[in-house]
Amino acid sequence: MPTSASTKTARAWLQSGQSPAQRVAETAYALLLLSGEVNVTAQTYKPCLEADMEMALLLEADAAGRIDLVQLLADHARHKPTAKQAKKLLFRAKQRGVAVPERKPTRPPVDLSAVPEPLPSFASSFDGLGGQLVFLGGWSPSDGPYCVVAMLSDRDGLQSAYYLPDTSRTQQREMLARLQSQFSGFTTQVADAFAAGRIRWALNLRDALGQTFEGDPAEVRRLMVDVEPIQDLEIALDPEDEAQIEQRMALARELVDEPCFSAWLQPERPLQAALEAELAPLRAAALDEADLRARVSALREAAIEKSWSEAERIRIAQRLEITASLLASEGRIEPAMRAIATARGLRDLARPALSLGFVAAAMLRHLSVEQLLRQVAEGAARRA
């Protein structure tokens, strides 16, 4: 846990003061604790941080010599791994000769309304059609630890959502492994607010389309009553990363080799139909091989550019930004930055889509010139 990718990412947020929109509140709280501007006591400390942020807070406190904060987390951390690591750090500090105040352990009054730790939440990357798997964990007095397993589409909204009461962590992991086997990408732990926000956004889209979803509508709607929908993420970059946006747009062609992007941007029927219509006249044309290849290549690129409507550009940009946040939580910072750069390029509607490295590499691979030349030859043979 102290060396996990998610903890490293949370430490980077604390060190830079920048974090994804859905983690801003807890990042700000952790920075306030680290600042020394508040008197941190058991009475003022709010154990509201997610596991990765709480561990990151502990490690930053230790690095800054904040023994008081390390000691507080040893006694009052929300997550057991953090408390265990804090006690190790205190022991090591004593061995180094650091003066660690001895504190008499106090037994807090029993809180009969205390809520056990809920199940964690997870989200997958997107498949080629814009599908995303989301696991929202929680706890309720009536059902104990529960999980909502939802399948979303960035085109069609919430396709299915099942409420699973009395679910153990082992059962959750097994379900996650079975469903994850259907994806070429990855799944990572996320904040509960992010998982719930994605489900809420998908539910709103489904309702707007006038369609129902499979599963447990009543339970899911009850859980989503006060949830803020998350359609996209505002990702702020530091000046150094801003200066590298154009360079990363070009390097993003290498994203097609990442499993989570490998099935993206496959040609859809309208594009295929448009290309077929454009290629048809070439079957009767007397062109040498070089001219035919040049014409096919030019028609291909023109048809691809026409297929990118404003709505489609924004949709893929949103998908890239969310994927970037998931990659960053896994410690995959460079692929995340290239995805963000590509999203920036797509949001610039004046920029040709094929000028973006990832778009060009993905779409031109799915629509190779050789493949289109074979279509021309096969059509000409049928006409003969």
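## Salt bridges in a predicted model

Being three residues apart in helix 8, Arg222 and Glu219 are separated by about one helical turn. Their side chains meet in a salt bridge, with a distance of 2.6 Å from N to O. At 46% relative accessibility, Arg222 counts as partly exposed, and Glu219, at 29%, is also partly exposed. The structure described here is a predicted model, in which the count comes to 19 salt bridges.

Arg221 forms a salt bridge with Asp207, and the closest N and O atoms are 2.9 Å apart. Arg221 lies in helix 8 (residues 217-223), whereas Asp207 lies in helix 7 (residues 192-208), and the two are 14 residues apart. Arg221 counts as partly exposed, with a relative accessibility of 36%. Asp207 is likewise partly exposed, at 36% relative accessibility.

Another pair is formed by Arg248 and Asp241, whose side chains meet in a salt bridge with an N to O distance of 3.0 Å. Both residues of this pair, Arg248 and Asp241, are buried, each having under 20% relative accessible area.

| Salt bridge | N to O distance |
|---|---|
| Arg222 and Glu219 | 2.6 Å |
| Arg221 and Asp207 | 2.9 Å |
| Arg248 and Asp241 | 3.0 Å |

Salt bridges may also join into a network. Which residues are linked in a network of salt bridges? They are Asp154, Arg155, Glu312, Arg315 and Arg319.

Definitions and conventions: Residues numbered from 1 in each chain as written. Predicted model: local features only at pLDDT ≥ 70, side-chain atom pairs only at ≥ 80, totals over all residues. Heavy atoms only, no water. Salt bridge = Lys/Arg side-chain N within 4 Å of Asp/Glu carboxyl O. Helix = DSSP H or I, 4+ residues; strand = E, 2+ residues; numbered from the N terminus. Buried < 20%, exposed > 50% of the residue type's maximum accessible area, 1.4 Å probe, protein only.
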